[in-house]
Amino acid sequence: QYYHNGYETDRIIPAYSHIQSVLVTIIVNRLLQHGDVLSNLPATQLNVDFCAQYLQNHFHIAVGLLVVGFFIYDASTYREDLSYTDIPVSTEALYPRRGGPKNLPIADTLVSDDDCPENTRAKHKPKLVVLGSGWGSVALLKQLNPEDYHITVVSPVNYFLFTPMLPSATVGTLELRSLVEPIRRIVQRVKGHFLRAEAVDVVLSERLLEVAQVDATGEQRHFYLPYDKLVIGVGSTTNAHGVKGLENCHFLKTIEDAAKIRNKILQNLEHACLPTTTDDERRRLLSFVVSGGGPTGVEFAAELFDLLNEDLGRSFPKILRNEVSVHVIQSRGHILNTYDEALSKFAEARFAHDQVEVLTNSRVKEVRPDKILFTQKDENGETVTKELPLGFCLWSTGVAQTEFCKRIAEKLEVQTNRHALETDTHLRLNGAPLGSVYAIGDCSTVQNNVADHLVTFLRTLAVDKGKDPEKMQITFAEWRHVAQRVKKRFPQASDHLRRLDKLFE
């Protein structure tokens, strides 16, 4: 208060002393209110002025002791341990043998296998290799028993990313560092090892994983990593749908993508403020297009609107707010079409209220640096080509297989799904040696063969009734009984079973 009232510097210290005296007096008065505690003290000690003066004289001493104690504690946290001057490292780790179809180095032993007694004991345990550092891989690591396997995690990024909040980071609602956790910290909990590299191929017959990484010279090095059990959790990549000009788009899969989007948005806003920017160019710079009406596209459009509507007017000229436009292009009849219909309608109504244009039944044809071309059906059902000025485009139109997953699918004839690797109900990769390769997360899909089980349930019903399964007819009530049994075993088949109910209408 002394400072804000305009007192000079030489009055600040007296003000501090005055505040100190007032605080000490208040403390003593509080103590004197408890007469039962101070009743046994001499009368002279109950004098407020004496107690206040006593505490004042020792106030600086107490503060000094606290400061000294803090620095002593801080100094005690530094550690100089010279016991790490000689570290045992296996010769096999420094000079790995070569082998495999491509005669590459085989990392039977890692350089960290002899760092501690626990790692040394784990050298001879079954080798578990986990690919990826996403949700599936991290969930698996948190459930593993460190005593069961020699664990190695391979991922091109050294962090775990909290992807649901990634759209918020693109506009500054959340800081980027708040969405990541070092993957090495998670791996250390299970006494595992981490290699920042990328899986390229796998030799199923020899149980060798081909890994590539860029060394200090910028050259890409390949080597084999042997495994007893391999868990594939590499996720997916963005689906291009064969559209031209995606180099003019931004994607939202990694923390680097979020940083690029934030910089692009700010760059467009700054360029729109320049006096040399024409009206048409300003409107183009402030035209933000989101291709894809799924959860990522819808959430990003909502975050972008909040930024432009709430924060833009405080820091930028108000004319920018009047010329900003946000567009969502969706190929289906509604946005969020994979969710409940009520949620989809609510999102569309909210966007209409916020003046976010939703273009349904539209397909992007080409993305150019200054505009985006898309086709849309008119009222007569005819397809017409339209265009929008483009200052920024986010491409979030679904996912596709990574190159690594495509190579695995090509090796296995039973892998006929073009979008994901098929597994059985135990997440074991179909076609791979049983119990050696697993697939989890977005890169996989569980093949339940619900139709085969449905036929089995119907045949069982016929046998129970003593009828021929090929000629037996069932009532709707009997079908509902069978459907309940199928639903209990395969809950994800509920929608398909409801469609079969229409056969009895």
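**Exercise 1. Overall inventory**

How many helices and how many strands does the secondary structure of the protein come to?

Solution. The model is a predicted one, and its secondary structure comes to 17 helices and 23 strands. Finally, when contacts between residues at least 6 apart in sequence are taken, 57% of them join residues at least 24 apart.

**Exercise 2. Aromatic pairs around Phe 392**

Determine how Phe 288 and Phe 392 are arranged, and then how Phe 300 and Phe 392 are arranged.

Solution. The structure holds 5 aromatic pairs. In one of them, Phe 288 and Phe 392 lie 6.1 Å centre to centre with 50° between the planes, and the pair is classed as tilted. Phe 288 belongs to strand β13 (residues 287-291) and Phe 392 to strand β19 (residues 392-395), so the pair ties together parts that are 104 residues apart in sequence. Because buried means under 20% relative accessible area, Phe 288 at 0% is buried, and Phe 392 at 2% is buried as well.

Phe 300 and Phe 392 also form a tilted pair, with 5.8 Å centre to centre and 35° between the planes. This pair links distant parts of the chain, since Phe 300 sits in helix α11 (residues 295-315) and Phe 392 in strand β19, 92 residues apart. Phe 300 has 0% relative accessibility and counts as buried. Elsewhere, Trp 135, Phe 160 and Phe 162 form one aromatic cluster.

**Exercise 3. A loop histidine**

Is His 250 buried or exposed, and which residues is it in contact with beyond its neighbours within four places in sequence?

Solution. His 250 is found in the loop between β12 (237-238) and α9 (255-272). Its relative accessible area is 19%, which falls under the 20% cut-off, so His 250 counts as buried. Once neighbours within four places in sequence are left aside, His 250 is in contact with Lys 260, Ile 261 and Lys 264, and also with Phe 392, Cys 393, Leu 394 and Trp 395.

**Exercise 4. The open sheet and a helix on it**

Work out the strand order of the open sheet of 5 strands, and identify what helix α6 touches.

Solution. The order is β7-β4-β3-β11-β22, with parallel pairing. The edge strands, each of which pairs on one side only, are β7 (193-196) and β22 (437-439). From one strand to the next, the twist averages 20°. Within the sheet, 5 bridges join strand β3 (residues 127-131) to strand β4 (residues 150-155), and Val 129 stands opposite Thr 152 in β4. Helix α6 (residues 135-143) packs on the sheet and touches β3, β4 and β11 (229-232), its direction making about 150° with that of β3.

**Exercise 5. The buried face of a helix**

Which residues of helix α14 are buried, and why can they be said to line one face of the helix?

Solution. The buried residues of α14 (residues 403-411) are Phe 404, Cys 405, Ile 408 and Ala 409. Seen down the axis of α14, these residues fall within an arc of 135°, and therefore they line one face of the helix. What covers them includes β3, β8 (198-203), β9 (208-214), β11 and β21 (421-423).

Terms used: Residues numbered from 1 in each chain as written. Predicted model: local features only at pLDDT ≥ 70, side-chain atom pairs only at ≥ 80, totals over all residues. Heavy atoms only, no water. Helix = DSSP H or I, 4+ residues; strand = E, 2+ residues; numbered from the N terminus. Contact = heavy atoms within 4.5 Å. Phe/Tyr/Trp six-rings, centres within 6.5 Å; stacked < 30°, edge-to-face > 60°. Buried < 20%, exposed > 50% of the residue type's maximum accessible area, 1.4 Å probe, protein only. Pairing = 2+ DSSP bridges. Axes fitted to C-alpha atoms, helices over the stretch in contact; angles between N-to-C directions. Arc of directions from axis to C-beta.
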